[in-house]
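Reader: I have a model open and want to learn how to read it. Can we take it feature by feature?

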Amino acid sequence: MAARPTRRGLLLAGAGATALAVGVGWTARDLIRPSPARPEPPDAPAGDERLTSRPSAARGRSVDFYTAVPHGYGDGQGLPVCLVLHGASTTARDFPGLGLGRFLTDAVRRGAPPFVLAGATGDRLSWRPSGRDDPQRMVREELPAWCAERGFDATRLAAWGWSMGGFGSLLLAATWPGLLRAVAAFSPAVAPGDAVFAGVDRLRGTPLGLWCGRQDDLVGDVQALERALPEPAARSEYTDGRHDFRYWGSVIPGALDFVAAALTAPPGPT
């Protein structure tokens, strides 16, 4: 039976999407797709921004691997890393077009300590394993290894994601406590009773930043997650905006400042 559209957003349609939904246990929430609006990047140049292909044993295929270094910092040797987990409507191939490298340079020019963005394509699996395809393991094991090969400091990691990727970032932190120095989640596609809520106590000790638009259908569940946290969120913002890149672009600067501060602060007790 095909998934029915809900007030939470337009769902992927067609027999192929339905078969996948049945096959891997997707929910309607996992298929939320934002409007096609794009952020307006700041007037700053991208630095060393690359999109390459890497074979992923965890996913059983080659994936797009994206990295961005702020302008003026060469190839990023020794810089810490923020892992970027995309939502359902984008992949790592879209990151240059979203202006992520320009946002990163702008953050550093405004005074944020420099760091690197790195992400890979996880498709629409909500960053959870499906059979032998395990994008979560790719993010946990392979992405840091690829970053280390490039000379980045993969011992200092944070994660940032939106919608499905916000859920995946929080799930990553809950699955491996202590792995991440911070998580920035935009409109994370969470719901009471899901894996993030079930593992919420394991988020203790990881600074969390939560952003969600007041006109986003997910805002109630994001606020419920914030209330369920074992300790207060390090940062939370609920301002006017919907489930789209126009809103997310408006809060990227604050999130990158938050991530930069966490990546360069002394690590907390484990």
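Author: Let us begin with a pair of helices. This is a predicted model. Helix α2 (residues 100–109) and helix α7 (residues 245–264) have axes that come within 10 Å and cross at roughly 50 degrees.

Reader: How should I read a helix pair in general?

Author: Two packed helices are described by the angle between their axes and the distance between the axes.

Reader: What does the angle of roughly 50 degrees make α2 relative to α7?

Author: The axes cross at roughly 50 degrees.

Reader: Is the crossing of α2 and α7 left-handed or right-handed?

Author: The crossing of α2 and α7 is right-handed.

Reader: Which residues meet there?

Author: From α2, Leu-100, Phe-103, Leu-104 and Ala-107 take part. They meet Gly-249, Ile-252, Pro-253, Leu-256 and Asp-257 in α7. By type, the contact of α2 with α7 has seven nonpolar residues, one polar and one charged.

Reader: Now the interior. What share of the chain is buried?

Author: Of the 270 residues, 56% count as buried. The chain has seven helices and eight strands.

Reader: How do I read a nonpolar core?

Author: Look for buried nonpolar side chains joined within 4.5 Å. Here the largest nonpolar core has 49 residues. Those with the most contacts inside it are Leu-83, Met-138, Val-139, Leu-170, Leu-180 and Val-190. Helix α4 (residues 164–175) gives the most to this core, with seven residues. Apart from this core lies another, of 33 residues, including Ala-92, Ala-107, Ala-255 and Ala-262.

Reader: What does Val-139 touch?

Author: Leaving out residues up to four places away in sequence, Val-139 touches Leu-83, Leu-85, Trp-127, Pro-144 and Leu-172.

Reader: Why is Gly-78 called partly exposed?

Author: Gly-78 has a relative accessible area of 40%. Buried means under 20% and exposed over 50%, so Gly-78 is partly exposed.

Reader: Which residues does Gly-78 touch?

Author: Gly-78 touches Gly-151, Phe-152, Asp-153 and Arg-156, not counting residues up to four places away in sequence. Take Asp-153. Gly-78 and Asp-153 are 75 residues apart in sequence, but 4.9 Å apart in space, C-alpha to C-alpha.

Methods
Residues are numbered from 1 along each chain as its sequence is written. This is a predicted model: local features need pLDDT of at least 70, side-chain atom pairs count only at pLDDT 80 or more; totals for chains, interfaces and linings use all residues. Side-chain values use heavy atoms; hydrogens and water are left out. Buried means under 20% relative accessible area, exposed over 50%, partly exposed in between (1.4 Å probe, protein chains only). Helices (H or I, at least four residues) and strands (E, at least two) are DSSP runs, numbered from the N terminus. Contact means heavy atoms within 4.5 Å. Axes are lines fitted to C-alpha atoms, for helices over the stretch in contact, and angles run from 0 to 180 degrees between N-to-C directions. A crossing is left-handed if the near helix is turned anticlockwise from the far one by less than a right angle, and right-handed if clockwise. Ala, Val, Leu, Ile, Met, Phe, Trp, Tyr, Cys and Pro count as nonpolar, Asp, Glu, Lys and Arg as charged, and the others, Gly among them, as polar.
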